[in-house]
Amino acid sequence: MTEIRFHVNVPDTALYTCRLVRKAMRSGAKVTIAGPPPALAALDRALWEFEPLEFIPHVMAGRPGQTLAPRLKDTPVWLVADLDDAVHHDVLVNLHAEPPAGFESYARLVEIVAADDAAL
């Protein structure tokens with residue numbers, strides 16, 4: 001059964017997610033982050049800039065026409081709009097408004113909820 005956790009009233013979703021991913025990676029977990037393309041693009045930038053001496057290896061998957069090299073399957077953090085593009089099933093961080101179809105195949109689901117009324 002999937003363990004579900006809610007992190008609510010998050011003031012900066014990208015920065016918070018970077019910290020969460022760093023913590024998960026330190027524990028040895030592989031992480032899939034699902035969200036709308038604009039949120040994933042912002043997170044991609046944030047992961048590159050997060051800690052100057054502590055790079056978080058990640059790949060943005062599922063772009064139209066994109067073919068990923070097989071060696072990228074070992075990358076510990078995947079950013080996807082659709083779970084069909086994911087390869088890991090340890091931790092799923094959800095940035096979508098609704099849980100994505102297929103979330104139950106993950107050991108843990110973390111719902112990140114921003115600090116605005118619409119998200120809550």
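This is a short tour of the structure, stop by stop.

**Before you start**

The model is predicted, so local features need pLDDT of at least 70 and side-chain atom pairs count only at pLDDT 80 or more, while totals for chains, interfaces and linings use all residues. Residues are numbered from 1 along each chain as its sequence is written, and side-chain values use heavy atoms, with hydrogens and water left out.

**Stop 1: the sheet**

Color the strands. Helices (H or I, at least four residues) and strands (E, at least two) are DSSP runs, numbered from the N terminus. Six strands form an open sheet with parallel pairing, in the order E1-E6-E5-E2-E4-E3. Strands pair if DSSP finds at least two bridges between them. At the edges sit E1 (3-10) and E3 (58-60), each pairing on one side only. From one strand to the next, the twist averages 20°; axes are lines fitted to C-alpha atoms, for helices over the stretch in contact, and angles run from 0 to 180 degrees between N-to-C directions.

**Stop 2: the helices on the sheet**

Select residues 13-26, helix H1. H1 packs on the sheet and touches E1, E2 (31-34), E4 (77-80), E5 (91-94) and E6. Contact here means heavy atoms within 4.5 Å. The direction of H1 makes about 160° with that of E6. Now select residues 37-49, helix H2. H2 lies across E2, E3 and E4, at about 155° to E3.

**Stop 3: strand E1**

Select E1 with E6 (residues 108-114): the two pair in the parallel sense over 6 bridges. The bridge partner of Val10 is Ala114 in E6. Next, pick Ile4, Phe6 and Val8. They form a nonpolar surface patch with about 300 Å² of accessible area together. Patches are made of residues with over 30% relative accessible area and no salt bridge; like charges are joined within 9 Å, nonpolar side chains (Val, Leu, Ile, Met, Phe, Trp, Tyr) within 5 Å. Areas come from the Shrake-Rupley method with a 1.4 Å probe; for residues, only the protein chains shown count as cover. Val8 is partly exposed, at 47% relative accessibility. Buried means under 20% relative accessible area, exposed over 50%, and partly exposed in between (1.4 Å probe, protein chains only). Asn9 is also in E1. Asn9 has a positive phi of about 60°, although it is not a glycine.

**Stop 4: strand E4**

In a regular strand the side chains alternate between the two faces of the sheet. Select E4: Val77 and Leu79 lie on one side, Trp78 and Val80 on the other, and all are buried. E4 pairs with E2 over 4 bridges, where Ala34 stands opposite Val80. E4 pairs with E3 over 3 bridges, where Val59 stands opposite Trp78.

**Stop 5: Tyr106**

Go to the loop between E5 and E6 for Tyr106. At 3% relative accessibility, Tyr106 is buried. Its contacts include Thr2, Leu83 and His89.

**Stop 6: the salt bridges**

The structure holds 4 salt bridges. Each is a side-chain nitrogen of Lys or Arg within 4 Å of a carboxyl oxygen of Asp or Glu. Select Arg22 and Glu51, whose closest N and O atoms are 3.5 Å apart. Arg22 lies in H1 and Glu54 in the loop between H2 and E3, so the pair ties together parts 32 residues apart in sequence. Finish with Arg26, whose salt bridge to Glu54 has its closest N and O atoms 2.5 Å apart. Arg26 is exposed, at 60% relative accessibility. Shared partners join Arg22, Arg26, Glu51 and Glu54 into one network.

Terms used:
Lists of a residue's contacts leave out its neighbours within four places in sequence.
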